[in-house]
Amino acid sequence: QVQLVESGGGLVQTGGSLRLSCTASGTIFRINAMGWYRQAPGKQRESVAEIIFSGDTTNYADSVKGRFTISRDNAENVIDLQMNSLKPEDTAVYYCNGVFIDANAEARRYWGQGTQVTVSS
């Protein structure tokens, strides 16, 4: 089992910045990728950013390119999401997720509990 714990959400004004962190713990053999999704009220959950651990490839939703940066600390199984130039439409619950390889070489996706990000206009 893998546990993901997010931190860093909160309330910020338009144009402000927030930094989210996600720590993975538990039985971790290998991490394929980790990233962030978000879900705004009345909308579907959408992918925001991900980092593929082999090669550190990053992918971003078009709506956040140039404003958000995802990074990782492999030694600590931690990923961060630096969010700059925040807009009201970034308001959502942000969920950390990751694809982890277990002892049987099977890939499993895990989710965190989510952290609220609110951007006031």
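Tutor: We start with pairing. Two strands pair if DSSP finds at least two bridges between them. Keep in mind that this is a predicted model.

Student: How many bridges join E1 and E3, and in which sense do they pair?

Tutor: First the general idea. Strands of a sheet pair through backbone hydrogen bonds, either parallel or antiparallel. Here, E1 and E3 pair over six bridges, in the antiparallel sense.

Student: Which strands make up the open sheet, and in what order?

Tutor: Four strands, in the order E1-E3-E8-E7, with antiparallel pairing. E1 and E7 are the edges. Each has a single partner strand, so one side of each lacks a neighbour in the sheet. From one strand to the next, the twist averages 15°.

Student: Now the core. Which residues have the most contacts inside the largest nonpolar core?

Tutor: A nonpolar core joins buried nonpolar residues through side-chain atoms within 4.5 Å. The largest one here has 30 residues. Those with the most contacts inside it are Leu 4, Met 34, Trp 36, Ile 79, Leu 81, Met 83 and Tyr 94. Among the elements giving two or more residues to this core are strand E4 (30-39), strand E5 (46-52) and strand E11 (115-120). E1, E3, E7 and E8 also give two or more.

Student: Let me try a single residue. Is Asp 90 buried or exposed?

Tutor: Compare relative accessibility with the cut-off: buried means under 20%. Asp 90 is at 0%, so it counts as buried. Find Asp 90 in the loop between strand E8 (78-83) and strand E9 (92-101).

Student: Which side chain makes a polar contact with Asp 90?

Tutor: That of Arg 67, at 2.8 Å. Beyond four places in sequence, Asp 90 also touches Arg 38, Phe 68, Ser 85, Val 117 and Val 119.

Student: One more residue. Where is Ala 107, and what does it contact?

Tutor: Ala 107 lies in strand E10 (residues 107-111). Setting aside neighbours within four places, Ala 107 contacts Val 99, Phe 100 and Ile 101. Ala 107 and Asn 32 are 75 residues apart in sequence, yet their C-alpha atoms are 8.3 Å apart.

Key:
Residues are numbered from 1 along each chain as its sequence is written. This is a predicted model: local features need pLDDT of at least 70, side-chain atom pairs count only at pLDDT 80 or more; totals for chains, interfaces and linings use all residues. Side-chain values use heavy atoms; hydrogens and water are left out. Buried means under 20% relative accessible area, exposed over 50%, partly exposed in between (1.4 Å probe, protein chains only). A polar contact is a pair of N or O atoms within 3.5 Å; within protein, one must be able to donate a hydrogen and the other to accept it, and residues adjacent in sequence count only if both atoms are side-chain atoms. Contact means heavy atoms within 4.5 Å. Axes are lines fitted to C-alpha atoms, for helices over the stretch in contact, and angles run from 0 to 180 degrees between N-to-C directions.
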